[in-house]
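Trainee: Could we go through this model together, starting with the ligand site and then the backbone?

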Amino acid sequence: MTCGSACGPPLSEDSRRQIVVSSPSKLNLFLEVLARRDDGFHELETIMVRTSFCDTLRLSPRDDGRLVLRFSDATADTFRNSVPLDQTNLILRAAEALRNRTGFSEGADLVLHKVIPPQAGLGGGSGNAAAALLGLRRLLGLSVTDEELHEIAAGLGSDLNFLLSGERAAVCRGRGEIVSPLKLRGRYFFVATRPDQGNETNRIFSSLRVPPEPVSCAPLVQLLERGEAAGADQLFFNRLTDAASLHNAAMRSMMQEIQRCSRQRVWMSGSGSTVFVRCQSYTAANQMRRFLQQLLRRDAWVLQV
Ligand code: C5P
């Protein structure tokens with residue numbers, strides 16, 4: 001799998017040898033399950049798009065060889081209470097996997113400014129890990145190729161490769177790690193929100209019945225590549241929605257309420273619990289955001305693609 005020299009999200013470097021990496025989220029506009037595999041994973045066909053809703057990872061060198069992860073001062077308490085900073089965090093798992101692969105001995109401080117909620121189906125943790133791989137490569141001047149980073153990413157989760165690729169949109173197959181870029185035309189505006197309760201991806205997959213006749217993403221790919229946004233959203237689809245709705249009643253009623261009150265179609269991203277609507281413009285998206293915030297009395301975000 002190649003992603004060329006433009007691999008990954010934008011990096012910037014300041015004079016104190018500090019690297020700042022943007023860590024974007026993704027939405028799944030289409031997700032079909034093709035088969036259950038012997039390794040317990042599922043064979044997928046999914047269309048992912050990279051959105052403007054981003055965490056940020058700041059990396060700087062440490063003298064003691066340790067890799068130390070902490071939150072930025074501005075990160076909200078909700079994240080401090082729900083996202084662990086220990087070795088289970090995908091950022092540190094990615095960093096350790098990169099250390100094993102390249103043998104680097106230097107240390108780094110990794111400061112995460114978190115805004116993307118966890119267990120949301122937005123790929124927040126995966127994006128953070130992809131940002132760590134790219135940021136450490138740059139900070140430490142590691143001679144590791146894009147292909148090697150992709151191999152490490154594939155071993156850590158199913159969404160990392162798309163976010164590592166830096167592509168705006170792609171059809172992803174296999175577990176999700178095989179990325180085929182898609183030439184998305186036009187701009188897309190979404191408003192997303194979620195209930196307090198997240199969804200555990202493995203629980204959603206394990207209660208799923210694999211469809212006897214899977215839906216193909218090909219017609220939607222055609223419309224997206226032609227820039228026919230209005231027609232395209234008729235074909236947005238997520239096979240995991242019913243299984244996730246059984247696990248998360250709050251998400252199910254939120255989808256129903258948004259649909260009833262806004263007269264917009266509502267979709268779920270990934271395995272949830274984020275749900276989203278498409279809007280015609282940035283202005284319409286901001287109006288919808290305010291409407292949903294009042295209706296649901298919770299935060300909502302404008303995601304641009
Ligand atoms: O790869 P990721 O960490 O996102 O996967 C979390 C869990 O979701 C896996 O342990 C597996 O149970 C399930 N999964 C799956 N098939 C996929 C992706 C994830 O069954 N293609």
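Mentor: First a term: on a 1 Å grid over the protein atoms alone, a pocket is an open set of points with protein on both sides within 12 Å along at least five of seven lines. A molecule sits in a pocket if more than half of its atoms lie within 2 Å of its grid points. This is a predicted model, in which local features need pLDDT of at least 70 and side-chain atom pairs count only at pLDDT 80 or more, while totals for chains, interfaces and linings use all residues. Residues are numbered from 1 along each chain as its sequence is written, and side-chain values use heavy atoms, with hydrogens and water left out.

Trainee: Which pocket is the space taken by the ligand?

Mentor: The ligand takes up the space of the largest pocket. Two elements, β3 (42-62) and α6 (201-206), each give two or more residues to the shell around the ligand, where helices (H or I, at least four residues) and strands (E, at least two) are DSSP runs numbered from the N terminus.

Trainee: Which of the elements gives the most to that shell?

Mentor: That is α6, with three residues. Among the residues around the ligand are Thr-201, Asn-202 and Phe-205, counted when one of their heavy atoms lies within 4 Å of the ligand.

Trainee: Why does the ligand lie between the domains?

Mentor: Domain 1 (11-181) and domain 2 (189-304) both give residues to its shell, so the ligand lies between them; the bounds come from an automatic or database domain assignment.

Trainee: And which side chains have an N or O atom by a ligand oxygen?

Mentor: The side chain of His-42 has an N or O atom 2.7 Å from a ligand oxygen, and for the side chain of Ser-158 the distance to a ligand oxygen is 2.6 Å; a polar contact is a pair of N or O atoms within 3.5 Å.

Trainee: Switching to the backbone, where is the cis peptide bond?

Mentor: The cis bond joins Gly-272 and Ser-273, with omega about 10°, and Ser-273 is placed in the loop between β10 (267-268) and β11 (275-279).

Notes:
Polar contact = N/O pair within 3.5 Å; in protein donor to acceptor, adjacent residues only side chain to side chain. 1 Å grid on protein atoms, 1.4 Å probe; cavity = no way out; pocket = protein on both sides within 12 Å on 5 of 7 lines; lining within 4 Å.
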